[in-house]
Amino acid sequence: MRILGLDVGSKTIGVAISDPLGWTAQGIDTIRRKNKEQDIELVHKICKDYGVETIVIGLPKNMNGTIGESGERVLALAELIKEKTNLPIEMWDERLTTVAAHRAMLEADLSRGKRKKIVDKVAATYILQGYLDKLRLSK
């Protein structure tokens with residue numbers, strides 16, 4: 001059972017994948033966004049390559065829990081990904097995942113340039129790991 005995690009931004013999409021047992025998340029890629037069609041096609045290819053059964057997408061919410069403009073854009077893209085892949089989509093509250101990713105990379109003493117290149121992939125890993133942990137606790 002492979003699960004794909006996505007951290008969707010305006011310029012990039014961070015990508016993480018679960019191990020086959022659904023225990024751990026690993027960052028695998030950062031997609032440089034070009035246009036919706038190409039972005040969705042790349043996600044679809046990753047799903048086929050890894051045998052993905054579910055996609056978890058980080059949903060940016062305001063700190064008060066409401067969904068703003070960026071959240072609406074992510075929901076619209078999620079619907080297009082669902083249509084293309086025919087896979088179930090789970091939305092995951094991504095508040096503070098990027099902050100946590102930056103903090104972890106600072107603690108690892110990564111340079112600013114390295115952090116910038118991998119922050120979205122690390123954030124996708126946090127999103128997916130949170131979802132995997134919830135699945136494991138609910139069993």
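**Notes on the predicted model**

1. Apart from neighbours within four places in sequence, Asp39 is in contact with Ile13, Arg32, Arg33 and Lys34. The model is a predicted one, and residue numbers count from 1 along the chain as its sequence is written.

2. Asp39 belongs to helix α1, which covers residues 36–50. Is Asp39 buried or exposed? Its relative accessibility is 2%, and the cut-off for a buried residue is under 20%, so Asp39 counts as buried.

3. Two of the residues in contact with Asp39 also meet its side chain through polar atoms. The side chain of Arg33 makes a polar contact of 2.8 Å with the side chain of Asp39.

4. On the overall fold, the protein chain has four helices and five strands. In sequence order they follow the pattern β-β-β-α-β-α-β-α-α. Of the 139 residues in the protein chain, 42% are buried. Among contacts with a separation of 6 or more, 60% are between residues 24 or more positions apart.

5. The structure holds one aromatic pair. How are the rings of Trp92 and Tyr131 arranged? Their centres are 6.0 Å apart and their planes stand at 90°; planes over 60 degrees apart count as edge-to-face, so this pair is edge-to-face. The pair links distant parts of the chain, with Trp92 in strand β5 (residues 89–93) and Tyr131 in helix α4 (residues 112–137), 39 residues apart. Both Trp92 and Tyr131 are buried.

6. The largest pocket has a volume of about 290 Å³. Its lining comprises 15 residues, and those closest to the pocket centre are Val8, Gly9, Ser10, Ser70 and Val74.

7. Which element gives the most to the lining of the largest pocket? Helix α2 does, with five residues. Both β1 (2–8) and α2 (69–85) supply at least two lining residues each. By residue type, the lining divides into six charged, five nonpolar and four polar residues.

8. For a first look on screen, I would start with Asp39 in helix α1 and its side-chain contact with Arg33.

Definitions and conventions. This is a predicted model: local features need pLDDT of at least 70, side-chain atom pairs count only at pLDDT 80 or more; totals for chains, interfaces and linings use all residues. Side-chain values use heavy atoms; hydrogens and water are left out. Buried means under 20% relative accessible area, exposed over 50%, partly exposed in between (1.4 Å probe, protein chains only). A polar contact is a pair of N or O atoms within 3.5 Å; within protein, one must be able to donate a hydrogen and the other to accept it, and residues adjacent in sequence count only if both atoms are side-chain atoms. Contact means heavy atoms within 4.5 Å. On a 1 Å grid over the protein atoms alone, a cavity is a set of points where a 1.4 Å probe fits but cannot get out, and a pocket is an open set with protein on both sides within 12 Å along at least five of seven lines; lining residues have an atom within 4 Å of a point. Grid points are joined across faces, edges and corners, and a volume is the space filled by probe spheres set on the points. Ala, Val, Leu, Ile, Met, Phe, Trp, Tyr, Cys and Pro count as nonpolar, Asp, Glu, Lys and Arg as charged, and the others, Gly among them, as polar. Rings of Phe, Tyr and Trp (its six-membered ring) pair if their centres lie within 6.5 Å; planes under 30 degrees apart count as stacked, over 60 as edge-to-face and the rest as tilted.
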